[in-house]
Amino acid sequence: MLRQARLFGQLWRFLGPGWLAQRLHHLLRVRSGYLRVRLPARDWTAWSLRDLCRDPALGDPEALLEYRRLAAPPFFFSPSDRHLFRPFFAAWDDGNTTPQQVADDLEQGRFTYFGHSAVQVGFPPNWHTNPLTGDEAPRHRHWSLIGDFAFGDIKVIWETNRFAFA
């Protein structure tokens, strides 16, 4: 009990009451099952384009394509402003980590973990496997029920799922 009180005191002191309140709130949502109800695990085949679009009219692929071509706001910037961003794009071409090289590596099943460790994961990768240890998290268990170290370090499994390469 004294150890837990000391840990609580250190968390309060070093991370602050705001962080501690947020962490306790998250823990309550996990333990109560709220996250499993609010964010159910579903297979991609259970979703339709109409489910994923805010405007149901864009659920038709042709309508979505026409909207993207004619009426959608620019994703990051307008193509007419490309000249303003050219220096940033040129910086990508320094060294051997161009966007094209990253895309080629992904197509060959090579993924760079945490910005420095290249690992062969396959294409498409097994989204539930830790490629460093071979441990596989259960596919049908909700993410909130999987321990952080139950199948190796969960951060390794989740790293490909964060889509940082995109």
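This is a predicted model: local features need pLDDT of at least 70, side-chain atom pairs count only at pLDDT 80 or more; totals for chains, interfaces and linings use all residues.

Biologist: What makes the pairing of R110 and D105 a salt bridge?

Modeller: The term requires a side-chain nitrogen of Lys or Arg within 4 Å of a carboxyl oxygen of Asp or Glu. The N to O distance between the side chains of R110 and D105 is 2.9 Å, so the pair meets that definition.

Biologist: Why is D105 called buried?

Modeller: Buried means under 20% relative accessible area. D105 has 18% and is therefore buried.

Biologist: Why does R110 count as partly exposed?

Modeller: R110 has a relative accessibility of 35%. Partly exposed covers the range between the 20% limit for buried and the 50% limit for exposed, so R110 counts as partly exposed.

Biologist: Where is D105 found, and with which side chain does the side chain of D105 make a polar contact?

Modeller: D105 is found in helix 6, residues 99–107. Its side chain makes a polar contact of 2.8 Å with the side chain of Q101. The limit for such a pair of N or O atoms is 3.5 Å, so this distance qualifies.

Biologist: How many salt bridges does a search of the whole structure find?

Modeller: The search finds three. One of them joins R139 and E136, with the closest N and O atoms 3.4 Å apart. In another, the side chains of R162 and E159 meet at 2.6 Å, N to O.

Biologist: Are R162 and E159 buried or partly exposed?

Modeller: R162, with a relative accessible area of 45%, is partly exposed. E159 has 10%, which is under the 20% limit, and therefore counts as buried.

Biologist: Which residues of helix 7 are buried, and what covers them?

Modeller: The buried residues of helix 7 are I154, V156, I157, E159 and T160. Their cover includes strand 1, residues 110–113. Just after helix 7, F163 takes a positive phi of about 55 degrees.

Biologist: How do you know that T129 is buried?

Modeller: T129 has a relative accessible area of 17%. The limit for buried is under 20%, so T129 is buried. T129 is found in the loop between strand 2 (117–120) and helix 7 (154–161).

Biologist: Which residues does T129 touch, and which polar contacts does its side chain make?

Modeller: Not counting residues up to four places away in sequence, T129 touches G134, D135, E136 and I157. The side chain of T129 makes a polar contact of 3.5 Å with the side chain of E136. A further polar contact, of 2.9 Å, joins the side chains of T129 and N126.

Biologist: What makes F8, W12, L24 and L27 a nonpolar patch on the surface?

Modeller: Patch members need over 30% relative accessible area and no salt bridge, and nonpolar side chains are joined within 5 Å. L27 has 31%, so L27 passes the area limit. Together F8, W12, L24 and L27 have about 390 Å² of accessible area.

Biologist: Where does L27 lie, and why is L27 called partly exposed?

Modeller: L27 lies in helix 1, residues 2–32. Its 31% falls between the 20% and 50% limits, so L27 is partly exposed.

Conventions
Residues are numbered from 1 along each chain as its sequence is written. Side-chain values use heavy atoms; hydrogens and water are left out. Patches are made of residues with over 30% relative accessible area and no salt bridge: like charges are joined within 9 Å, nonpolar side chains (Val, Leu, Ile, Met, Phe, Trp, Tyr) within 5 Å. Accessible areas come from the Shrake-Rupley method with a 1.4 Å probe; for residues, only the protein chains shown count as cover. Helices (H or I, at least four residues) and strands (E, at least two) are DSSP runs, numbered from the N terminus. Buried means under 20% relative accessible area, exposed over 50%, partly exposed in between (1.4 Å probe, protein chains only). A polar contact is a pair of N or O atoms within 3.5 Å; within protein, one must be able to donate a hydrogen and the other to accept it, and residues adjacent in sequence count only if both atoms are side-chain atoms. Contact means heavy atoms within 4.5 Å.
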